[in-house]
Amino acid sequence: MLDTYSPSWMTEDLEIFKDAVNKFYTREFVPHSDRWTKEGIVDRDAWYKAGEAGILCASIPEEYGGGGGTYAHEAILTEEMERCGVAGFGNTVHSLICAHYFNAYGTEEQKRKWLPKMATGELVCAIAMTEPGTGSDLQSVKTRATKQGNQYVISGSKTFITNGQHADLIIVVAKTDPEQGAKGISLMIVETAEADGFRRGRNLDKMGQHAADTSELFFDDVKIPTSNLLGGEEGQGFYQLMQQLPAERLIIANQGVGAIERAIQLTVDYTRERNTFGNAVFDYQNTQYKLAECKATWMAARAMVDQLADQLMRGELDANSAAAAKFWVSERQCEIIDTCLQFFGGYGYMDEYPISRMYTDARVQRIYGGSNEIMRMLVARAL
Ligand SMILES: Cc1cc2nc3c(=O)[nH]c(=O)nc-3n(C[C@H](O)[C@H](O)[C@H](O)COP(=O)(O)OP(=O)(O)OC[C@H]3O[C@@H](n4cnc5c(N)ncnc54)[C@H](O)[C@@H]3O)c2cc1C
């Protein structure tokens, strides 16, 4: 129904990739999805399987073990996960976010050391910005990285960290110069297997996205070599974070578009089957008008993210346009899923129905990746 639409940047190769990704998720992830949701974490093996299938680091150059693709590959991977109903596999953080920090700012040695193992799934990566005391106001992070000889000593705590239980490699946002705001921030790479004083806290109970191992992390005088400072120069962290934001925000919008498509499809299927008063629920004018509106909104969202993806791939996407897409699409996603859920009646409130899970999974889209209020501020600032 909706998947007949194709973005302007779609090619035959990307169509083949999309089909292969869909088959991979359907075969390898969908059968385990309910269990992962109950257990609050995906199997470690899922990462190795994804690595073998070329799903990890798809947009990282081949010389570092990646797939040599572009943002289009990441958009397809993210949207197909939504279409297949697999929530909680943290590949977006691992491949689209973390791997690109290494690729863009890492020294040659850092890239060669970590990227190939991230591409195979041998290393799972997380990025730890948020702390119990600060999220939106990133300049106020309290985690410290103090230089002592040829080491940095990291102390502090982080929370809400995606891939927190699985992570073998963590990009930690820390202050190397606490006297400075943004200019005192650096990105430090912690290899968890070798990090005395590193501790994983709770795998947090959440409203949705249950299979994602969103966690607390503690750093108690963790020593890392100075060669684990990303890019090798102190004080670059805030600048590095800002440069990567357009892609990080746009992918949340892509995720939203994929979820909207699935919600509409599920609702059309259900309302055609469900009868009340001798009619299919789909045949009521209220159902048809509301679903027609959902489709029109989906078309606008689709066109917006596809245009911005095109700009991103040409190196022309600005951070505030990506912020606009992030807040607008995530809010339409929540509204549309709410509208769709209503057509399922009581079944829509039952956890075993995908639309119910989609409702709770969607809510965080307006919070993470920069809250929608912060997104509005950025957009307004650039007007
Ligand atoms: C499931 C999940 C996964 C996450 N994954 C990660 C991860 O992998 N790595 C990571 O580092 N973080 C992660 N986060 C954290 C997330 O990015 C933060 O929760 C988010 O940035 C908001 O920060 P906060 O929770 O501290 O809220 P706060 O910053 O305390 O904000 C609270 C409220 O105040 C509003 N607000 C704040 N400042 C302003 C302002 N100036 N003007 C108007 N309103 C304002 C906010 O919009 C929000 O509504 C994750 C969070 C969740 C829930």
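Q: Which element gives the largest share of the shell around the ligand?
A: H11 does, with 3 residues. Helices (H or I, at least four residues) and strands (E, at least two) are DSSP runs, numbered from the N terminus. The model is predicted, so local features need pLDDT of at least 70, side-chain atom pairs count only at pLDDT 80 or more, and totals for chains, interfaces and linings use all residues. Residues are numbered from 1 along each chain as its sequence is written.

Q: How many residues surround the ligand?
A: 21 residues do, and the closest are Met-129, Gly-135, Ser-136, Thr-162 and Ser-371. A residue counts as near if its C-beta atom, placed from the backbone, lies within 6 Å of the molecule.

Q: And which domains does the shell draw on?
A: At least three residues come from each of domain 2 (126-234) and domain 3 (239-381). Those bounds come from an automatic or database domain assignment.

Q: How far apart are the C-alpha centres of domain 2 and domain 3?
A: They lie 31 Å apart. The contact takes 6 residues from domain 2 and 8 residues from domain 3, where contact means C-beta atoms, placed from the backbone, within 7 Å.

Q: New topic: at what angle do H1 and H4 pack?
A: Helix H1 (residues 12-29) and helix H4 (residues 71-84) pack at about 40°, with axes 9 Å apart. Axes are lines fitted to C-alpha atoms, for helices over the stretch in contact, and angles run from 0 to 180 degrees between N-to-C directions.

Q: Which residues of H1 make that contact?
A: Leu-14, Phe-17, Lys-18, Val-21, Asn-22, Tyr-25 and Thr-26.

Notes. Contact = placed C-beta atoms within 7 Å.
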